[in-house]
Amino acid sequence: MKKAQDIQNFFYSQYFADGMRITFGTVTPALIFSLLGNLQIGITISLGALAVGLVDTPGPPSHRRNGMFACTAVVFAAALITLLVNSQPFLLGLTIVGLGFLFSMFAVYGARASSVGTMGIMIIILNTGAGDVASDAISHLAYLLIGCVWYMLLSLSLHQVRPYRQAQQELAESIHNVADYIRIKARFYDPSTDTDKNYRTLIEQQIVVSEHQDNVRDQLFRSKRIIRDTTKIGRLLILIFTDIIDLFEQSMATHYDYDSIRDQFGKTGMLQHFKRTILRISNELDRLAYQINANKRPKPLYDFKQELEQLRMAIDHTEQTYGVNTLPLKKILINVRNLVQRITNIYGYFDAKQTNTFRREEADLKRFVEHKEIDLKQFRENLTLKSTQFRHAVRMAIVLGMGYLISFMLDIGTHSYWILLTIMVILKPGFSLTKQRNFQRLVGTVIGGIAGALILLMVKDETSLFILLLFLMVATYSLIRINYIVSVMFMTPYILILFSFLDMNTLSVLRERIIDTFIGSGLAFVSSYIILPSWESAQVQGAMRKLLIANYQYIAQALKIIAGQTLSVTDYKLARKEVYITTANMGSAFQRMITEPKYKQQNTKEMNKFVVFNHILSSYSVTLLNNVQEADNSALTGEQIKTIRKTLYILAQSIHLFEPDDEADDFHETEVETPADIDANNIDSEELRLITEQLQFLNRIAVDLHKTCDRLAEQQKSRHPA
């Protein structure tokens with residue numbers, strides 16, 4: 001049942017919609033001109049459409065539009081310059097190197113600008129040897145431009161018809177990711193689960209959650225149309241997303257050490273009850289995401305009211321039967337109940353009567369998205385060997401030059417530009433990403449090549465081949481952002497079928513493609529070792545410092561609340577967002593680091609401890625903030641305040657162990673005066689003891705984290721003495 005729903009969900013997803021749009025935009029010109037008897041013109045127009053289509057990734061409407069305009073300009077300029085120097089091999093080589101460097105530097109302006117630069121390099125490569133400076137060249141440029149404009153008009157028209165669709169699809173994907181996160185959390189309640197291993201899996205999933213939440217923020221909070229929309233759908237999307245963010249925070253809350261909970265309640269059977277309920281919550285979120293994606297009115301899958309009552313009765317039974325303190329279980333039950341309530345609220349938004357109220361505290365939505373200006377200063381500041389993007393651009397330029405020389409000097413075939421295309425696709429700023437893409441490209445090409453050869457041997461009917469071509473194209477462009485290796489498996493057969501329509505020897509083309517792919521991948525992989533390599537282990541401490549600062553600032557919110565300071569919902573959620581983003585960045589950096597060569601992997605065990613400790617710290621911080629916000633004036637004692645201050649002091653000491661990696665990284669310790677009469681609070685209760693135990697555990701984690709940071713900093717100094 002779930003597999004069937006997953007398949008249906010894919011067909012409703014943004015990935016499939018992107019694949020369909022790019023395929024239609026690319027195939028239509030070629031098909032029309034083929035019927036008119038001039039397929040070559042159609043292919044040139046299709047090339048322009050494909051370049052702009054690959055830049056048209058989900059995002060705010062203004063960013064998509066500007067990206068497509070920029071890509072059109074870059075495609076035209078790249079093709080013009082390449083055609084001007086095509087007859088001079090030496091000048092062509094210099095052009096490939098020079099523009100390869102320039103377009104690779106576009107990455108300093110973000111992912112979309114990086115895609116524009118990549119398309120510029122692709123157009124240079126595909127236009128080498130395309131023609132001379134004459135009427136043919138002018139026509140070629142005109143057809144490329146027509147293709148770019150055609151795709152832009154297609155994409156912008158579809159957006160006008162369904163302006164909210166991409167945001168809706170990205171929101172559904174984000175909910176699916178949160179559901180998977182909660183599903184992993186449920187495993188902690190299984191005594192057979194390896195806690196450390198599950199923490200690593202949880203952190204990996206948090207990276208995915210953070211990436212998609214950022215995408216949703218961009219699409220919702222940068223869109224003037226959605227923010228200012230007074231109709232139901234604009235409000236609905238923002239309301240659902242803000243509740244999903246709150247639900248995700250609630251799911252992070254840890255009220256007790258999991259190992260301690262297992263020791264206390266493992267034999268009572270209560271943990272299995274909680275695991276089942278939490279898994280049902282994740283299933284409920286999956287169903288909600290599917291229904292939002294399918295544009296259906298969501299309906300609940302489970303009746304949690306009865307299930308929560310059964311959990312409460314089971315806790316009471318456990319307390320009576322085993323005579324244990326069940327307050328930790330009651331706190332977990334409250335957390336689960338809050339998760340269920342947030343899901344219930346979301347279902348309630350689809351009632352027309354309830355969508356008339358908009359949350360005023362969320363009015364300052366644009367503070368949640370990062371605003372980047374495109375200026376030359378940023379470009380100039382990155383023209384240094386300290387910049388990862390500069391090192392990558394230099395590496396790309398050199399390797400493209402080497403690839404051009406090899407393709408020029410060796411008689412491999414008529415499509416030797418595949419060497420350059422392989423370099424362009426595989427070579428990434430970091431070694432680990434290059435290594436991963438290298439493996440994916442090689443395996444995908446070989447498997448896809450074998451599949452393509454079998455298709456051409458078995459299928460002779462041109463209509464059947466054309467239908468297969470369309471299917472393979474849709475699969476290629478639908479999967480290119482989520483599963484590159486499978487995308488390449490579909491891409492290679494579609495290229496072979498395309499060449500078969502051009503009456504070429506497809507087996508010869510296949511042999512040439514595989515050889516060129518191995519040459520290009522070999523050059524890219526070796527260069528990542530020897531040409532200005534970027535090792536994650538040398539840069540990871542900047543990410544560590546930023547994560548420590550984010551956790552410090554988040555915990556400091558508790559002191560501000562106790563001191564009676566007015567803490568706006570926006571300020572609180574901005575601090576929370578920073579924790580999510582820096583945690584994801586640190587997790588990604590650690591994942592990249594452990595895929596680097598063994599001799600470059602430094603202190604991986606200590607680094608793993610750092611990542612896990614920070615995740616636990618974040619989880620307990622959520623609980624702390626919840627308790628402080630809900631507490632009355634007599635609930636917190638002076639001793640507890642001292643513990644919070646001590647924890648913040650230890651975190652500050654950990655932060656000072658690492659040097660800031662940029663001027664913007666300016667850290668100052670929080671100075672907050674707490675009420676003088678708080679030391680008089682001494683009312684004893686189970687609730688107060690639990691909060692005290694949680695704060696003490698938070699402090700112990702901060703101490704362990706500081707020891708880990710101290711060891712890492714000392715080892716870094718010993719390797720790089722002043």
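Helix α4 covers residues 61-85, and its 25 residues should span 36 Å at 1.5 Å a residue, which agrees with the 36 Å between its end C-alpha atoms. The expected span is 1.5 Å times one less than the number of residues in the helix. The model is predicted: local features need pLDDT of at least 70, side-chain atom pairs count only at pLDDT 80 or more, and totals for chains, interfaces and linings use all residues. Residues are numbered from 1 along each chain as its sequence is written, and side-chain values use heavy atoms, with hydrogens and water left out.

**The chain as a whole**

- The secondary structure of the chain comes to 27 helices and 0 strands. Helices (H or I, at least four residues) and strands (E, at least two) are DSSP runs, numbered from the N terminus.
- Of the 722 residues in the chain, 55% are buried. Buried means under 20% relative accessible area, exposed means over 50%, and partly exposed lies in between, with a 1.4 Å probe and protein chains only.
- Among contacts between residues at least 6 apart in sequence, 83% join residues at least 24 apart. Contact here means heavy atoms within 4.5 Å.

**Helices α4 and α8**

- The buried residues of α4 include R64, G67, M68, C71 and T72. Further along α4, V74, V75, A78, A79, T82, L83 and V85 are also buried.
- Helix α8 (residues 165-186) has 22 residues and reaches 32 Å from its first C-alpha to its last, close to the 32 Å expected at 1.5 Å a residue.
- Of the 22 residues of α8, 21 are buried, so α8 is largely enclosed by the rest of the structure.

**Packing of α2 with α20**

- Two packed helices are described by the angle between their axes and the distance between the axes. Axes are lines fitted to C-alpha atoms, for helices over the stretch in contact, and angles run from 0 to 180 degrees between N-to-C directions.
- Helix α2 (residues 14-35) packs with helix α20 (residues 462-479) at an angle of about 135°, and their axes are 7 Å apart. That angle makes α2 oblique to α20. Angles under 35 degrees count as roughly parallel, over 145 as roughly antiparallel, 65 to 115 as roughly perpendicular and the rest as oblique.
- The crossing of α2 and α20 is right-handed. A crossing is right-handed if the near helix is turned clockwise from the far one by less than a right angle, and left-handed if anticlockwise.
- On the α2 side, the contact is made by Y15, F16, G19, M20, I22, T23, T26, V27 and L31. On the α20 side, F466, L470, M473, V474, Y477 and S478 take part.
- The residues of this contact of α2 with α20 divide into 11 nonpolar, 4 polar and no charged. Ala, Val, Leu, Ile, Met, Phe, Trp, Tyr, Cys and Pro count as nonpolar, Asp, Glu, Lys and Arg as charged, and the others, Gly among them, as polar.

**Packing of α11 with α24**

- Helix α11 (residues 232-252) and helix α24 (residues 569-593) pack at an angle of about 65°, with 12 Å between their axes. The crossing of α11 with α24 is left-handed.
- I245, D246, F248, E249 and M252 of α11 meet Y572, K573, R576 and Y580 of α24. The residues of this contact of α11 with α24 comprise 5 nonpolar, no polar and 4 charged.
- E249, in helix α11, counts as buried at 5% relative accessibility. Leaving aside neighbours within four places in sequence, E249 is in contact with Y554, Y572, R576, Y580 and V622.

**Residues in other helices**

- Q213 lies in helix α9 (residues 195-221) and is buried, with a relative accessible area of 1%. Not counting residues up to four places away in sequence, Q213 touches S174, V178, F241, I245, F248 and Y580.
- V97 belongs to helix α5 (residues 89-104) and counts as partly exposed at 31% relative accessibility.
- V97 and V399 are 302 residues apart in sequence but 8.4 Å apart in space, C-alpha to C-alpha. Not counting residues up to four places away in sequence, V97 touches A397 and G401.

**Residues in loops**

- N483 lies in the loop between α20 and α21 (484-501) and is partly exposed, with a relative accessible area of 31%. N483 and Q440 are 43 residues apart in sequence and 9.3 Å apart in space, C-alpha to C-alpha.
- L532 is in the loop between α22 (506-530) and α23 (540-562). Its phi is near 45°, a positive value in a residue other than glycine, and L532 counts as partly exposed at 26% relative accessibility.
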